[in-house]
Each structure stands twice: as structure tokens, then as C-alpha cells.
Amino acid sequence: MFSRDLALHPSKYDYPDTSLLIDICFNEFVEKGGLCSGLMCLWDDNQSKVTPIATNNIPITPFILAKNDILKEYIMECLSTHPAPHFHSITKKPIWNELASLIDTKDWQPKVIFIPAYTADFNFILLCFTKNRYDSDYLKNITDEIIELIQLVAFILSANSSKSRIKVMETYVREIGHD
């Protein structure tokens, strides 16, 4: 017989870390797409902030902190050159030098697959790296996978945002109840 006294039970205030779910989704996308590495970012409408949210085979910390400006500069270059998904040269760029100092990039192609995408609430930028040279049809072939990834990550981020708003609302209701 099931016993609630003996079964595991998380507190109603223990919420899961959703960043792990985003990492899993992004890593699956990279592996299924035959890519060797990638970086997924949130991009704000004002173009004043880029926030890395997931990586595959790239340390995320430098791009959140000290090297965020290098990442932002490269993304702005890609957007100003061609704001649609495209292959974009990365050699001789500060971001390439930073990546090469963090990981072994000698077998990587000298072009990044630049993928801007959005949902109603979020703007995303994906920078994907390959060891193999792909033609322009590659982007067409992975469009469904990109859309699925973006939808899943947007759902996870929305759930996380809702979780935070519910906590605030619970606190507010408790405080009003005491008055």
C-alpha cells in the first residue's frame, strides 16, 4: 500500500533547476544536427544585452561575464551583415581567439552557423560550429529541429518566469492577510 508518510515528497517551494532542461534540449539539438559545438543566447530587443543560456562543448562562464562584449560584438556583426540564418566567417575575430584559448578548435570549420529565432516572448541567437563543411541546404534541413528547440526552450523559460511570479504573489497574499 502507498504510504505518504514514507514516500519522497518535495516541498512545494522546491522548484527544479530549469537550466538543466535547457542544456539537455540544446545538447540534443547539437548532437542530432551533426554539429560539434554551439552556444545559445537570449537577445534583447534593445540590442544592449546578450545572455548565454546553454552551450555544448564551450565553457559558458566567460561569455556570461568577462567576454560577453566579444560575444555581443560578433552577434551584432552577424545581424548587421544578414539578419536571417546564414553561415558567417569567424576566423580573425576576437570571439574565435577566445574560443581557441578555451577549447581545441583546430578541426572546426572557419564559419559559424548563425541562427536568429524568436517566439512571442523571447529572441534567441544560436551560434553552431561544425567539423564538416555544409552547404546552404543544411539550414533548410534543420529548420524543423530549430523551431522545436526554440519552442521547448521558450516554454521552459516561460514556466520559470511563471514560477517566480507565483512566489511573489504568494508572498504578497500572505502579507495582505496579516494586515
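## A tour of the predicted model

Select Trp96 to begin: with a relative accessibility of 13%, this residue counts as buried, because the limit for buried is under 20%. The structure on the screen is a predicted model.

**The aromatic pair.** How do the rings of Trp96 and Trp108 face each other? A pair of aromatic rings is described by the distance of the centres and the angle of the planes. The chain holds 4 aromatic pairs. In the pair of Trp96 and Trp108, the ring centres are 6.2 Å apart and the planes stand at 65°, so the arrangement is edge-to-face. Trp96 belongs to helix H4 (residues 94-102), while Trp108 sits in the loop between H4 and strand E4 (111-118), so the pair ties together parts 12 residues apart in sequence. Now select Phe129 too: ring pairs link Trp96, Trp108 and Phe129 into a cluster.

**The whole chain.** Zoom out and colour by secondary structure. The chain contains 6 helices and 5 strands, and from the N terminus on they follow the order α-β-β-α-α-β-α-β-β-α-α. Of the 179 residues in the chain, 39% are buried. Among contacts between residues at least 6 apart in sequence, 62% join residues at least 24 apart.

In soluble globular proteins, nonpolar side chains tend to be buried together. Select Phe29, Met40, Phe124, Leu126 and Val153, which have the most contacts inside the largest nonpolar core, a set of 27 residues. Elements that give two or more residues to this core include H1, strand E1 (37-43), strand E5 (123-129) and helix H6 (143-178). Which element gives the most to this core? It is H6, with 7 residues.

Stay with Phe29 and display its surroundings. Leaving aside residues up to four places away in sequence, Phe29 touches Leu35, Leu126, Cys128, Ile142, Glu145, Ile146 and Leu149.

**The surface.** Finally, switch to a surface view. The chain exposes about 11,200 Å², and carbon and sulfur atoms supply 55% of this area. Select Leu20, Leu21 and Ile24, which make a nonpolar surface patch of about 280 Å².

Conventions
Residues are numbered from 1 along each chain as its sequence is written. This is a predicted model: local features need pLDDT of at least 70, side-chain atom pairs count only at pLDDT 80 or more; totals for chains, interfaces and linings use all residues. Side-chain values use heavy atoms; hydrogens and water are left out. Patches are made of residues with over 30% relative accessible area and no salt bridge: like charges are joined within 9 Å, nonpolar side chains (Val, Leu, Ile, Met, Phe, Trp, Tyr) within 5 Å. Accessible areas come from the Shrake-Rupley method with a 1.4 Å probe; for residues, only the protein chains shown count as cover. A salt bridge is a side-chain nitrogen of Lys or Arg within 4 Å of a carboxyl oxygen of Asp or Glu. Rings of Phe, Tyr and Trp (its six-membered ring) pair if their centres lie within 6.5 Å; planes under 30 degrees apart count as stacked, over 60 as edge-to-face and the rest as tilted. Helices (H or I, at least four residues) and strands (E, at least two) are DSSP runs, numbered from the N terminus. Buried means under 20% relative accessible area, exposed over 50%, partly exposed in between (1.4 Å probe, protein chains only). A nonpolar core is a set of buried Ala, Val, Leu, Ile, Met, Phe, Trp, Tyr and Cys residues joined through side-chain atoms within 4.5 Å. Contact means heavy atoms within 4.5 Å.
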